[in-house]
Amino acid sequence: MSRTAAPGPSPAPEPPPAPESSTSPEPSTVPDRASAPAVSARGLTKVYGTGATPVRALDGLDVDFDRGAFTAIMGPSGSGKSTLMHCMAGLDTATSGSVRLGGTDITGLKDRQLTALRRERVGFVFQAFNLLPMLTAEQNILLPAQIAGRRVDTARFDHVVDAVGLRDRLGHLPAKLSGGQQQRVAVARALLGAPEVVYADEPTGNLDSRSGAEVLSFLRDSVRELGQTVVMVTHDPVAASYADRAVFLRDGRLVDDIAHPSTETVLDRLVHLED
Ligand SMILES: Nc1ncnc2c1ncn2[C@@H]1O[C@H](COP(=O)(O)OP(=O)(O)OP(=O)(O)O)[C@@H](O)[C@H]1O
Ligand SMILES: [Mg+2]
C-alpha cells in the first residue's frame, strides 16, 4: 500500500528546470532531482553574541540529508543539534554558509519567504507536542493545511490517521489525550501535507518508552511507506536505532556518521564523543 513520494500538492517554488533537453528520450547521466539530497548544508556557521565571548554553535558544518531517509542527529548537550535543525528549517538564520532545501538556497530568503517555506515545505514535531488546546485532534491535524489554504488529500488524511491509530480520537481535545496520543496527533499534522522534510526535535523526550516506541515506529513507517524524509534530533540511542543513519555533532561540527545504527553502536560512539 505504498504511495508515491511526491512532495505533495505543492504550490511552493520549485527548483529551476533541468538544463535543456528535458524532452530527450535518452537516459540522463545527470543525477536527477530524486537522487539529490532533500536538505544540504555547506560551511554552515552560527555565532551567537558578538562580545568578548561569542559562541560558535555551528562551525563550518557540511552535511547532506538523503531524500526518503530517516536520519538521527546526536551529540552532547550544547553541540549544536537544535541550532542546526533551526537553521535548516528556516527558523533561525546562519551567520555564514548555506542551506539548500530541494533546489532552494534558503540562506538568502527574506522573512516572508521563510514563513511560506516553513508552511508549505517543512513539517515539525517538537518535544512539547505544541497542539492548540481549544482545537480537537482532527482540527489540529488539519490546521496547517487550513492556514496555508491547501486542499486536503482525503486519502492521505485517512491513511495518516489510521497509521497513527487516531481514528476514534479525532473529536477529542488534547487535554483528553495521553502524551503519546498528543504526539501522534503532532506526527499526523506534520505528515499530512507531505512536506519535503519533517524535522523532529526530541520527539520522544516527554514520552514513556512505550509511547516513544509507537511514535518512532510511525516516523519510520512514514519513511518506508510514504517516502517521507525525516531528520530527528535525539539524545536517546534507542530512538536513533529506528533511523537509517545517525550523524554526530560536537562543538558545532560533524564528527561521525554511521549507517543502520543500533542502540549499541550509537552508545559506543556517544561514549567516545564525551571523552
Ligand atoms: N539564542 C542563543 N543565544 C546564545 N547562545 C545560544 C543560543 N542558542 C543556543 N546557544 C548556544 O549554542 C550552543 C549550541 O546550542 P544548541 O541548542 O544548538 O545545542 P543542542 O546540541 O541542541 O543541545 P541540547 O542537547 O542541550 O538541546 C550552546 O553552547 C548554546 O548555549
Ligand atoms: Mg537541543
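**A predicted model, strand by strand and helix by helix**

Visitor: Which handedness does the β-α-β unit of S7, helix H6 (residues 209–226) and S8 have?
Guide: Helices (H or I, at least four residues) and strands (E, at least two) are DSSP runs, numbered from the N terminus. A crossover is right-handed if, with the strands pointing away from the viewer, the path from the first strand over the helix to the second runs clockwise. By that convention, the unit that S7, H6 and S8 make is right-handed.

Visitor: Which pLDDT do local features need in this model?
Guide: Residues are numbered from 1 along each chain as its sequence is written, while chains are lettered from A and ligands numbered from 1 in the order in which they are written. This is a predicted model, in which totals for chains, interfaces and linings use all residues and side-chain atom pairs count only at pLDDT 80 or more, whereas local features need pLDDT of at least 70.

Visitor: How many bridges join S7 to strand S8 (residues 230–233)?
Guide: Two strands pair if DSSP finds at least two bridges between them. Strand S6 (residues 122–126) pairs with S7 in the parallel sense over five bridges, and there Gly-123 stands opposite Val-198 of S7. Towards S8, Ala-200 has Met-232 as its bridge partner, and the number of bridges joining S7 to S8, which run parallel, is four.

Visitor: Which elements do the buried residues of helix H5 (residues 179–192) pack against?
Guide: H5 has 14 residues and reaches 20 Å from its first C-alpha to its last, close to the 20 Å expected at 1.5 Å a residue, where the expected span is 1.5 Å times one less than the number of residues. Because 12 of those 14 residues are buried, H5 is largely enclosed by the rest of the structure, and the buried ones include Gln-181, Arg-184 and Arg-189. Contact here means that the C-beta atoms of two residues, placed from the backbone, lie within 7 Å. The buried residues of H5 pack against S6, helix H3 (137–148), helix H4 (154–163), S7 and H6.

Visitor: Is Asp-251 buried, partly exposed or exposed?
Guide: Asp-251 lies in the loop between strand S9 (245–250) and strand S10 (253–259), and its phi is near 50°, a positive value in a residue other than glycine. With 14 C-beta neighbours inside 10 Å, Asp-251 counts as partly exposed.

Visitor: What is the strand order of the open sheet of four strands?
Guide: Strand S1 (residues 39–48) and strand S4 (residues 96–101) pair in the antiparallel sense over five bridges, with Val-39 partnered by Leu-101 and Arg-42 opposite Ser-98. S4 and S5 pair in the antiparallel sense over two bridges, and in their hairpin, which has two residues between the strands, Gly-102 takes a positive phi near 55°. The pairing in this open sheet is antiparallel and the order is S2-S1-S4-S5. Each edge strand pairs on one side only, these being strand S2 (55–65) and strand S5 (104–105).

Visitor: Which element gives the largest share of the shell around ligand 1?
Guide: A residue is near a molecule or strand if its C-beta atom, placed from the backbone, lies within 6 Å of it, and among the residues surrounding ligand 1 are Tyr-48, Val-55, Gly-80 and Lys-81. With Ala, Val, Leu, Ile, Met, Phe, Trp, Tyr, Cys and Pro counted as nonpolar, Asp, Glu, Lys and Arg as charged, and the others, Gly among them, as polar, the shell has three nonpolar, eight polar and one charged residues. The elements that give two or more residues to it are S2 and helix H1 (81–88). The largest share, three residues, comes from H1.

Note on methods
A residue is buried if 20 or more other C-beta atoms lie within 10 Å of its own, exposed if 12 or fewer, and partly exposed in between; C-beta atoms are placed from the backbone.
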